Structures are given as C-alpha cells and as structure tokens.
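Q: Please take a close look at one chain of this model and at the parts that pack against it. A plain account is enough.

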Amino acid sequence: MLRYFLKRLLSLALSLVVASLVIFLALEVVPGDPAAYMLGINAQEDTLAVLRDQLGLNGTVVERYFAWAGGMLRGDFGISYTYRTPVAEMIGERLWISLPLALYALVLSTLIAFPAGIWAASKRGSAADVTVMGVTQLGVAIPNFWFAMLMVLVFAINLRWFSAGGFVGWDAGFAAALKSLTLPAVALALPQASILARVMRSSLLDTLSEDYIRTARAKGLSRGQALWRHALRNALIPVLTIIGMQFSFLLAGAIIIENVFFLPGLGRLVFQSISARDLIVVESVVMLLVFAVIVVNFAVDMAYAVVDPRLRTRR
Amino acid sequence: MSLLSIENLSLSIHGAPILRDVSMQIEPGRILGVIGESGSGKSMTAFAAMQLLPDGSVCDGRIELNGQEVLDLGEQDLCRMRGRDVGMVFQEPMTALNPIRTIGDQVAETILIHEKVSRGAAMERAAEALRRAELPQDRFPLSRYPFELSGGQRQRVVIAMAIALRPKLLIADEPTTALDVTTQAQILDLLKRLVAEDGMGLMLISHDLAVVADLADDIVIMRKGEVVESGPADSLFRTMQHPYSKALLAASTHAPDREGAPQDVPLLQVQDVVRDYTVHMRGWWGKTTTFQAVKGVSFEIRKGESLGLVGESGCGKSTLTRAILGLEEVQGGSILLDGQPVFTGHHANRDIRRRMQVVFQDPYGSFNPRWKVGRLIAEPYHLLEQPPAGRAKARAIAEALESVGLQSEDQHKYIHEFSGGQRQRIAIARALIIKPELIILDEAVSALDVSVRAQVLDLLADLGDRFGLTYLFISHDLSVVRNVTDRVLVMKAGEIVEQGETKAVFDAPQHEYTKQLIEAAPVLPADVA
Amino acid sequence: MKGNRNLWLGGGLTLIFASAALISFLWVPYDTTVLDIANKIKGPSGAHPLGTDHFGRDILSMIMVGARTSIAVALVAVGIGMGLGVPLGLTAAAKKGSLLDELIMRGNDLVFAFPSLLIAIMITAVFGASALNAIIAIGIFNIPVFARLTRSGALSLWTRDYVMAARVAGKGAARISAEHILPNVTNLLIVQGTIQFSLGILAEAGLSYVGLGAQPPTASWGRMLADSQTMISFAPHMALFPGLAILLTVLGLNLMGDGLRDMFDPKLRRAR
C-alpha cells in the first residue's frame, strides 16, 4: 500500500512539474510586454524597468520559470497586470464560489446517478430501465448552458422560485448562499449525472454477468443480495474513474455556467482577464485548475486501492 | 429413494430446445458421472437442478431433490435450497471467486446466508470448511484474497464454499478441466474423500471419459441434449450399445497409425538453451530481477520423428517454442535446424524460419476474423523471397485446403463460418503451405472434442507420412502424447527432467516428477482401453 | 432489434442536420448576412418558421448555416484526434512496457489533466479567439481519448494467436499493426468517433457561447444562444431553436454510436 501510495505521489509531482512547464511556455510565446501595456505608450524607460522587475519579467526564461513556480509553491501567484493586486487574493475570493459550486454539482450528480444506475441495472429490460436510459440519453445530449438558460426562464423568470443570477455571498447565510448556487449546480450536474448513471448501469451489468455472481447465487444468495454484496463494489472501479474525470469537467464547465448566472467565480475572472490581456491571472487560474484535476486523479487512484485489494499488496 | 431424481426433463431457452427427456438418479454417497462433448447439455442439466438457468428458460418434467419437487419451488425456497441442500463447483476457478473479498469472508457467507449465527462463529466454521478442503489455516489464513492463490487452491476455496453446510448433493461442473494434471488428481481425490466422509451424492460433469471412469459409480452419456446411455460404471463400458457411446470411447483411446520410421539424422538440435526474462519490479525505471524460464535445455529431433514435449503450465514449454521459432533470442546455448542457427546476429534467420511452422491451441483466436481463408492460409508466404502470385498462389491455396480435407472454394469464406475442428484443419493448411520440414503443434488438439480430436490426429499422421514432416508435439495431455509420439521429453520448471522412447518413459518412468505425472493422469479401465 | 432502432433514429437525425449544413451552401430561406431590423424578434410565422433574431435574421437560415460551423469544427477535431491518437496508441501497444509506451501514456495523462475548455482558454489567451482555435483545442483533447482506446484494444489483440502466427510468418510490428491490429480496432474507433463527434459539437457550442469559438459574422449555434440570453424573457424562441438543434444533433450522434456498437458487437447488446 505504501509503495503504491509513494509511486502515485511521485507521478503526481511529475505531472505537476510538466503541466506547469507547459502552461508557462505556452504563455511565454505571447508577443508584447505587459509592463508597457500597463503603463501605456508614454511610459519612461526607467519606470518600465522598475515595473518589469516588480512583475518578475526580467531574467532568462529559466530564471523566470523558477521564480514563477517557486512563488506559486509559497502561495504567491504574482501581481495582476490590470488590477495591480496580488493574483492569489483575487483567486482566493473567487474560489469560494467556484469550488463549492463544483462540489455541490458533484454531490448532486452522484446522488442522482447511483440510485438511477443501480435501479436500471437491477431491473434490466423493464419499463424502469427503459425510462432511465431514455432520460439519461437526453441528459447526455443537452448542452448544460442551454439547460441553465431554460431553467432561468422557468424557475427564475416565470415561477420566481430562484433569482436569475448573481451570488448573495456566504455572509447571507449558508442556506441563502446554497440556494443561489442551486440552479447552476443542477445545470452542471444533470449531464454528468446522466453519464454517471449510464456508466454505473453498464458496469453493474458487466459484473453481474461475472462467474463469481453465479457462485454467489449457487450459495443461496438472491439476485438482489448478489448485486449488493458482490457486484456493486466490483462495479465501482470504472465508476470511480468517471467521477474523477467529472470533477475536472465540473470545474471547467463551471466556467461556462458562471457566465449564464453572472456568478463572480473563477470563470468570470478568466474571461475578464483574457479580454484585459491580464495573462498572469489566466496562467494562474489554469495552473490551479490543472492542479485540482491532478490531485483529484490522485485521490481516485487512492480510492481504487481501497476498493481493490490487488492494488494494495501487489506492485 | 434417490437423493436427486431427474425424470423426463426438457428445457428450452427462448424457444430453442436444449434438453429433451433427460433422466438420471443420484443415490446418497455415490458418484454419478455425466459425460458429453460441448453442446451435449450436460452443464445445463446441472444448472436446471439448481434452477440457475438463463432468462427465458422453460423446464418441463420432474426434478426431485430429497423428496422435494424443485420445479414447484418459488425463488425464496430455491435460495434456501441452494448452498444448503446442494453445493456447486464450477469449471473456471480463476473467475469463480469475487476478486475483492477475502476467502474467509466468501466461505463464511454460505453459512451466514442460511443460518442465524454470529460472524465470528461463521468464520470459525469457514476455517473448518477450508481445512476440510485441504487449505489449513497456518498456510492459508481466512484473510487471503483469491489473487494470492493458485488455480488449484482457488478451486479448493470454491469446494469449501460448496460443502461448508454439508449439503446432501454436490454438483461439480468440469471441476478440473482448467487445472494441470497433478492438481486435477488432487482435486478429484478431495472430492472422492468428501463424498465418502459426508455421505453426499456427487454429480461429476466432464468431457473426459477417463476422469469420470476413474471416479464414478454410475455413468450417464449425453449428446445433443439427450441421454444416450446410462448405467453402473463397472459394467457400462463393456455393455454399451449406442453407436455414439462406442464412437466416443474409441475416439478417447484413438492411436493413429503412422507408417514412416524416423531417419537417423537430426533435424532440430537444441543445445544448452537458456532464456532469461528481465522482470521490471516498478515500471521501467525501477529495480529489475531476472527470471529464468528455460534453464539449459538440450534435445534433438530426428527427421520424420514425432517428439512429444510434456509439462504443466508455467514449465517453460511455451517460451521454448518461441525460441525455436526464432521469435525471441536466447541468452545462452544454440538452436540449430539442419545445422544452421535459427538466430544469427540478433536477427531471426529467414532461411531457417521458412522451414518451420506452428499450429496453436485455440481454434477461435488463431485467425484474423477480418481476413478470408485464402489470405489467412497464404500468410506464411511472407517468409519467401519470391512468393507465388496469381494462379500459382491460388493453386497452392487450393492444394493446401484439399490436403487437410477441405474444399478449395472454402478459401473465399471467412473464418467464422467454420467449426472448431475445421478451423484447426485450416491452421494446419496454413502451416503446410510453405512446405516446412518441422511443424510445432502447440496444444493443437487440446481444445477439441474427443471425436474431432481423433480425426485431426489421423490427419496429422497422414500428412506426416505424405510430406515427410517432423512434429514437435507440445501438450499437457499425456494420453494424446502417448498415442502419437515416438519419443517424449518431460519438462519441469525450465528443465528437461526425463527423455526417452515414449513407450519406455510411460511404462517405466525414472524421474520422480514423471512418475507423479503418469500416476496423476486419469486412465480408462484397462479392459476397455 | 433495439440496436437497429437506435441506428436508424440516430442516423436519421444526424442526416437531417448534415444535409441542412450541405444545403445551406446552395440555398437558405434568407440571407443571414443581411439585417432586416423591421422584422426583428418575430416569433415563428409562415414567412419565418422559427422566427427572427434581434437583427431580423431568419433563425432557420441561421441554424442551417450554424450547422456548418458545428459539424466542421467537430469533424476536423475528431480527425486530429484520430490522426494522431491512433498511431500513438498502436505504437504504444506494439512496444508495450517500453520507455516509448511509458512516454506516450504519461503524455496522454498530462493532456487529460487539461480539460478542452482550459486548452481553449490558453490558446485564446495566446492567439485570440477563433473557430480554428476551437478546433485545435477540441482536437488536442481528442488525441489521448483515441490513443488510450487504440492502445487498450490493441493490447488485447496482441495476445491473440493470429498475431503470433503473423510473427511466425516473419512479419514485423509495423506490418502486424497495419494488417491485423488496426482492422480489428476500427469498430471501436468508429463508435468512439461518433461519441467524440457529439462531444465536439457540445464543446464548440460551449466555446462559442462564451466567445472563445467562432467569431461574428460566422453563424454558430453557441453564439446564437449567447445573443439570445438577455432576451430570453420576451423572445424565448431565440434560445429554444438553436438549443434544440444542438440537443437533437448530439442525441442523433449518440444514438447512432450506440446502434453501431450493437451492430458491431452483439455481445455488448446484452450487457448494455
């Protein structure tokens, strides 16, 4: 187990290093001098030099990479070109919307998908199964931002159950904050829940046709008992993979959904920064999201080991 | 009163008839052997007795277990019956156990599902059941996972699971087919002992006449969903009437005639061959160890000879085969065909390669499903500098097909249109097309039903005489090797432990391992063979 | 039978939108580059079956022209993914366990850590927004999908005896990959291709919606939805029809993928 853990940890660290290199180099090729952009065309050469130094734009590529990467390790993401405030602060504020939103959506998606997938698999071929499969087929095909717009039309504009957008802030109380994240979270969760339910169902059907299910039935377990005691945990392995992948889709998808609901999250920050050519903010947000994805994949690998004893002892 | 009495059982699945008027009885403490080739319905009969049939199955007739009519029971009562009154053992021990739960947990489940006992008590009884299945706690604690056990050990876990509640009837569906011959003998002994100890009835299903003949008190022979012959084991072989039973028996003991005698000239010389594998412990950058699969093996095959190579799985025979075929380089020793090395300067020697061909075990996996038979057969032409083309090629393909008893028109068909036996003939045609001198038969008849196997063996003998072929016959099945080879090598753990004239080796084995193998191999009673 | 129904239904839907895109090159009900302010924001009527937008453009015509963008972007992106991913996957499988295999697979993992939207954001930040950059972003994301699928399919084929027979016939890894492995993974690739195609259409719509994809005046379903957003309370038809176009196209492709999988592999039909 320890060896597996260390091996995964090493691979996590390596991925982070390579990802940071890719992001750094990609934005390194952008033409133009941010310092000149910030100060305008009439800037003096010496004030430019001072600003460049502040922004860490001097030195060789290698030096700048280590300065940037080292800063990030200490939680210093640099200074925004447009707002002249530390990027870490800007991201910190926004993260309090984006992260809860992604988690909320993930919880919703799992809560919907597991029962639906298990129910459909246990009643394969029945009307229940056909219904679940039909609904999820639609859920997979629906663009989430369009679904979000329709929900705004129905639940915010017509029924007035929710507000059409914006975030009340966590100061307004947990329930109120959660309520203002509900429509975005549902919009994010529905397509993911559909995918997850389908994976759950087909994975469960696969394991139900395994030899050891027949062995369990020969011991005297009923169909239901065999499903719960033997099939479900084995079926979880591909489902975990999908949950891991979904977290990254949810984080990225949140960028679009935040636009629909005018939520001041990371997504809005990214688009504002792109139009303002505030590249250091873009760079930092992308790195942060990639970091999140890599860490979640690491967590999924650990979850595999909990489910599957073969990973714990071998290798 | 019989323990299990099946009367006039008919079964159809989605309207397709599977069983017709099947009847058989099992008495307590006795073993009923059910014999049949694939598709005979022998396994379905067992599943019908357990009522573990696929969806869409309809049973008709009577299945009486212990005085209870099984076909009248509801699902709840059936669950109560399964595992408590009847235990079942399956063919594939590698997949029959849940990979992510401990063996103790899985054996204890049988007890917990039927009796209201504490988990601790159930675990204690599970340990007892495992001990009876010869998996003592000091070496195989309850906390082991299936992947930590060998195939034979897993089968013992399945048996422990089946007998944990001392059921009155045990059904074993091909319980040893996937196992090596020595393991098979141990498992069969175990089953026999359990039957004697518990006074259980045992339904032993097998395709192997010899396995059943060794063990069973009564025998039922099935074919295409019907019982063709049944009776007490000791008299059945002598009194059997049905032509199919007779043919089956004849095929099981079939020894093809081969006329040409081997010449006293070596064709293949294997000298001190060593094959090491580098095993990566942790990815390609991690620590490595070496594993020696073949440890200094030497032997010769004479021209026109048929040499057997016998060994259990993992003994290195497949590795040796790949080395002879020039697919992998060896780390020591030399392999010479007609005096020339198979491998020169890290490259396989094409001139030598084209003088050898191979036939594999699996008639289903040996052919690219997207190619037509003509193209499949012609694939070895790749070895020739100037392969025949156009009409010459078509003629050669037709000849190859006809020489294995197929039609030249068959070259336009896809492989899925052929049966297992026909596919093996096509594999032989593919091996023959470049007119090789040596053909390696890698378990080439092991996957075939006995009657088809007899035909393929006859064909090989006939082709050997016609084309002056030399065979290296690799098999785990001693009876086949005994019947078709001139000399035999016995391989164990990468070494050849014994070699000699086939008859001499079988009649008077010298090495301890050879003795074990021959001892373990099931044989038909002497008076029928 | 169900597989066939999926195939026909999905194929039919796909065909409708593909032909709408093709027909739009020759004829559309109204020219989408001409603004007709007098007729702006009209609901569906005889003259405009799906209504008009805030510039008075015919929504049916816009959807037909937008189908071109969606289909072109998704098709090229799948092409990039297959064109690079399949050879990488075949190579990795042929050299299983080697340093090359390890490099290819770790590279795949790395690309997977960047969701396509992030790739698009980075490309946009560097080169600016355009349909071409959307194609590249979605295409890059498709590479590891096809590489992994090809590798896992190929690995199971490499253990088959017919590959061994080809090696006995003196064939090398490249030839075996081309003759024996690739033809036997094409079914997998076709099925995955339709799925990635539908994902590509969804991704393109999302990128255009947030302004990272096709730029005006290029018509695109995602942009139409972005334009409609502020008017959704009084002109819901502007949001409804482009969204339905996306939904039905993606649904059609997914159904077709399921149908193809059932057709290629009857064994999966049972398990699905």
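What percentage of the 315 residues in chain A do buried residues make up?

A: The model is predicted. In chain A, 52% of the 315 residues are buried. Its secondary structure consists of 13 helices and zero strands, so read along the sequence under the DSSP helix and strand assignment the pattern is α-α-α-α-α-α-α-α-α-α-α-α-α. Along the principal axes, the C-alpha atoms of chain A fill a box of roughly 85 × 60 × 35 Å. The accessible surface of the chain is about 14100 Å², and carbon and sulfur atoms account for 67% of that surface. Taking the contacts in chain A between residues at least 6 apart in sequence, 73% join residues at least 24 apart.

Within chain A, one helix pair can be followed residue by residue. Helix α5 of chain A spans residues 87–122, and helix α11 of chain A spans residues 266–275. Their axes lie 8 Å apart and the packing angle is about 135 degrees. From α5(A), the residues in the contact are Met90(A), Ile91(A), Arg94(A), Leu95(A) and Ser98(A). They meet Leu266(A), Gly267(A), Arg268(A), Leu269(A) and Gln272(A) in α11(A). By class, this contact of α5(A) with α11(A) has five nonpolar, three polar and two charged residues.

Helix α1 of chain A (residues 2–28) packs with helix α4 of chain C (residues 116–127) at an angle of about 25 degrees, and the axes are 9 Å apart. Angles under 35 degrees count as roughly parallel, so α1(A) and α4(C) are roughly parallel to each other. On the side of α1(A) the contact involves Val22(A), Ile23(A), Ala26(A) and Leu27(A), while α4(C) contributes Met122(C), Ala125(C) and Val126(C). The residues of the contact of α1(A) with α4(C) divide into seven nonpolar, no polar and no charged.

Chain C also reaches chain A through a loop residue. Gln229(C) lies in the loop between α8 and α9 (236–264) of chain C. With residues up to four places away in sequence left out, Gln229(C) touches Met149(A), Asn259(A), Val260(A) and Phe262(A), and also Tyr209(C). The relative accessible area of Gln229(C) is 17%, and this residue is buried. Pro216(C), by contrast, is exposed, with a relative accessible area of 54%. Pro216(C) sits in the loop between α7 (173–209) and α8 (221–228) of chain C. Its C-alpha atom is separated by 18 Å from that of Ala21(C), and the two residues are 195 residues apart along the chain.

Aromatic residues complete the account. Over all chains, the structure holds 12 aromatic pairs. In one pair, the ring centres of Tyr145(B) and Phe147(B) are 6.1 Å apart and the planes are at 20 degrees, so the pair is stacked. Tyr145(B) is buried at a relative accessible area of 17%, and Phe147(B) is buried at 16%. Back in chain A, Phe24(A), Tyr65(A), Phe66(A) and Trp68(A) form one aromatic cluster.

Key
Residues are numbered from 1 along each chain as its sequence is written. Chains are lettered from A and ligands numbered from 1 in the order in which they are written. This is a predicted model: local features need pLDDT of at least 70, side-chain atom pairs count only at pLDDT 80 or more; totals for chains, interfaces and linings use all residues. Side-chain values use heavy atoms; hydrogens and water are left out. Axes are lines fitted to C-alpha atoms, for helices over the stretch in contact, and angles run from 0 to 180 degrees between N-to-C directions. Helices (H or I, at least four residues) and strands (E, at least two) are DSSP runs, numbered from the N terminus. Contact means heavy atoms within 4.5 Å. Ala, Val, Leu, Ile, Met, Phe, Trp, Tyr, Cys and Pro count as nonpolar, Asp, Glu, Lys and Arg as charged, and the others, Gly among them, as polar. Buried means under 20% relative accessible area, exposed over 50%, partly exposed in between (1.4 Å probe, protein chains only). Accessible areas come from the Shrake-Rupley method with a 1.4 Å probe; for residues, only the protein chains shown count as cover. Rings of Phe, Tyr and Trp (its six-membered ring) pair if their centres lie within 6.5 Å; planes under 30 degrees apart count as stacked, over 60 as edge-to-face and the rest as tilted. Angles under 35 degrees count as roughly parallel, over 145 as roughly antiparallel, 65 to 115 as roughly perpendicular and the rest as oblique.
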